[in-house]
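Subject: Structure handover

Hello,

The structure we discussed is below, and my notes on it follow.

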Amino acid sequence: MRKFASLIFIFFISYSALASDIYILEDKARNLNSKQVQQLFLAGKFSRLPERNFNPGFTKSVFWLAIRANANDSNQKLIIGNAHINRLHFYISTSSGSVLKYTTGDYFPFKQRPIIHHLFNFPLEGKVGDLYLLRVDKNGESLQLHAEILPNVLFYQKTMNENLITGLLWGIIVLVIVFGCFLYITVREKLYLYYVLYIITGSLWIIADKGYGYQYLWPDFPDFASRARPIFTSLSSLMLLQFMQVFIGQGKESRFYKPIWIAKVGLLLIAILFIFLPIEAKTNGFLFLGILSLAGLSTQILIALSLVEKIRQKNPQAWYYLFSISALITFSITELLVHSGGSGPQLNYLSNYGIQTGLVIEVIILNFGLANRFNAYKNEKEILLLEVNKKQKELTDRIIETQELERKKIADQLHDDISSLLSLASLQVSSVLDNINSETSVLKLKKAGKVLDSVSQTVRNISHTLTPLAIEKYGFKNAITDLIEGINSAEKIRVEHIMIGFDNAEKSFLTMQNDIYRIIKELLNNIIKHSGASHCLLQLVEDEDRISIMVEDNGIGMQGNTRIKNGIGLANITAKINYFQGLIEISKKTEGGLMINIEIPIKTN
């Protein structure tokens, strides 16, 4: 921390180390050449540059800087503290004439700069008595000019300090971007994607504004260098609004939702406008800066109104966003004042690193807000998981209870039916053995045979209840057909059925078919026992992604809901349907009876 403070102190000192004689002349007609300017300087028409700063605001004039060469020039450099000047022509004027040494600016490739730097720097290479002339042209745009002469040692020291401070600030921003990407990949929530996009677009605007973008990202595209700032200004404002809406949970019910949507469309159109705008149109810089200023002001007003709305609703995320955006807005206003020709700190720490610092402060506060939101999200997930586990336990308990009831039913059937039948058969066989020569022996053996046949049929029925083997042997369609034929043979109810599909014989599908078979059997059993119906229709349809079951009867319907409340059979059916994440709907028919619709999704995996 002490090293960081000392670097800032050195940085401030570096700007007040030397006071140099730099003179300035305004060429409103834009028609002076270097020889004429040299004569005007000798005639005393130049004015001393006040405090090395000059801020004419929007201007169509050309400005000339003049500096007398001295014996120390070989170890000094002229620093122009503005990264966005369209055209710069550097001359060395002697008694015999002027020589154009360097031509550079935003309208020329970056490689034409005499010194590789994000600002414009010129080595002083003249002789004592020579005159350095610098033609500064930013026609139709806002010009803020800072000029100073620094010894090489101080220049490189200042450059090293700038690089170190810039590296620290951008290192923090890059870490935040990586952290945001990690959160998005982990949680898959669009909020974190918008957060990353906002930081990236905001960072690109700062990089373009400070001249680093032209130095490192697009050095061979001077046309884009002149467009980059308004493009990234619009895109960062757009993402700022988008992120804010998701961060504070602003929905369509908000009265500011539609105005923000219109503002986002407008910002996107402004960005597109500057992408395709002819370079000659930049002479109307005042108009375009007015458009950008209006868009920026509208963005800030919409943000403020949205935050006030959410704060009144006691939304904690709105406070985080308010504190985070306040720092950035403060520095943005300072930057706007500088670019529009107003007063403000120039080329000190705040004007050089104010926006970066504001962005760093903003993302740090937003990270706290995101962490708070993530913890709330995590708590909601845990509560939801507990609810799911609770419901799963209830479902499991119901399935276990149903299984126990089924076991009891099977045990009762074994005890009441098979046991009594076997006892009867045993009695008949014993009687035959006791009277082997009796005339009634044959009759008793026949009765024993019938009893054993009944036992066999009962065991077969129980076996089919436990596992419908007919599906595996003969297929699902045949098993359903066999079931319905068995019901119709009793002549208590007439069951019609329609089946479409169900040609899949894969083993992975067999379990689902078994459960569907049990569901259908339970539905038909309920109708036979409780509905009093004389007719029933069963429809089974297999689509690509789901199975549809529809059962309707002409019975008594839902009288007091007695047929659908607290029924073990229905609980068993519902448990199976829930297991397959299906849906069941029971409705009363107007002409009497019930209609049951079941939808079961087919999961290919």
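**Helix α3 and the residue after it**

At 1.5 Å a residue, helix α3 (residues 152–187), with its 36 residues, should span 52 Å; the distance between its end C-alpha atoms is 51 Å, so the two agree. Please keep in mind that this is a predicted model. Directly after α3 comes R188, with a positive phi of about 60 degrees.

**Annotated spans**

The UniProt record, an unreviewed entry, carries the annotation "transmembrane region" for residues 164–185, 192–208, 228–248, 260–279, 285–307, 319–338 and 350–371. Such annotations may be inferred rather than shown by experiment. I looked at two of these spans in the model. Residues 164–185 are 100% helix and 0% strand, and 31 Å separates the end C-alpha atoms. Residues 228–248 are likewise 100% helix and 0% strand, with the end C-alpha atoms 30 Å apart.

I207 belongs to helix α4 (residues 190–210). Its relative accessibility is 18%, and buried means under 20%, so I207 counts as buried. In sequence I207 and A228 are 21 residues apart, while in space their C-alpha atoms are 9.5 Å apart.

**Cavities**

How many cavities of 30 Å³ or more does a search of the whole structure find? There are two cavities at that cut-off. The notes here concern the second largest cavity, which has a volume of about 50 Å³. Its lining consists of A83, H84, D106, R113, A208, G211, Y214, W218 and A225. By class, five of the lining residues are nonpolar, two are polar and two are charged. Both domain 1 (17–154) and domain 2 (158–371) contribute to this lining, with at least three residues from each.

H117 sits in the loop between β7 (97–104) and β8 (120–123). Although H117 is in a loop, it counts as buried, because its relative accessibility is 6% and the cut-off for buried is under 20%.

**A buried strand residue**

L145 is part of strand β10 (residues 141–151). With a relative accessible area of 1%, L145 is buried. The chain separation between L145 and G57 is 88 residues, and their C-alpha atoms are 9.6 Å apart.

**Helix α14**

Helix α14 (residues 476–489) has 14 residues. From first C-alpha to last it reaches 20 Å, close to the 20 Å expected at 1.5 Å a residue. Which residues of α14 are buried? They are F476, A479, I480, L483, I484, I487 and N488. An α-helix has 3.6 residues a turn, so residues three or four places apart point the same way. After α14 comes E491, which has a positive phi near 60 degrees.

**Positive phi in loops**

Most residues other than glycine have a negative phi.

- R30, which is not a glycine, has a positive phi of about 60 degrees. R30 is placed in the loop between β1 (22–27) and α2 (34–42). Is R30 buried, exposed or partly exposed? Its relative accessibility is 28%, so R30 counts as partly exposed.
- Q581, also a residue other than glycine, has a positive phi near 60 degrees. Q581 is in the loop between α16 (568–579) and β14 (583–588). At 54% relative accessibility, Q581 is over the 50% cut-off and therefore counts as exposed.

Regards

Technical notes. Residues are numbered from 1 along each chain as its sequence is written. This is a predicted model: local features need pLDDT of at least 70, side-chain atom pairs count only at pLDDT 80 or more; totals for chains, interfaces and linings use all residues. Side-chain values use heavy atoms; hydrogens and water are left out. On a 1 Å grid over the protein atoms alone, a cavity is a set of points where a 1.4 Å probe fits but cannot get out, and a pocket is an open set with protein on both sides within 12 Å along at least five of seven lines; lining residues have an atom within 4 Å of a point. Grid points are joined across faces, edges and corners, and a volume is the space filled by probe spheres set on the points. Ala, Val, Leu, Ile, Met, Phe, Trp, Tyr, Cys and Pro count as nonpolar, Asp, Glu, Lys and Arg as charged, and the others, Gly among them, as polar. Domain bounds come from an automatic or database domain assignment. Helices (H or I, at least four residues) and strands (E, at least two) are DSSP runs, numbered from the N terminus. The expected span of a helix is 1.5 Å times one less than its number of residues. Buried means under 20% relative accessible area, exposed over 50%, partly exposed in between (1.4 Å probe, protein chains only).
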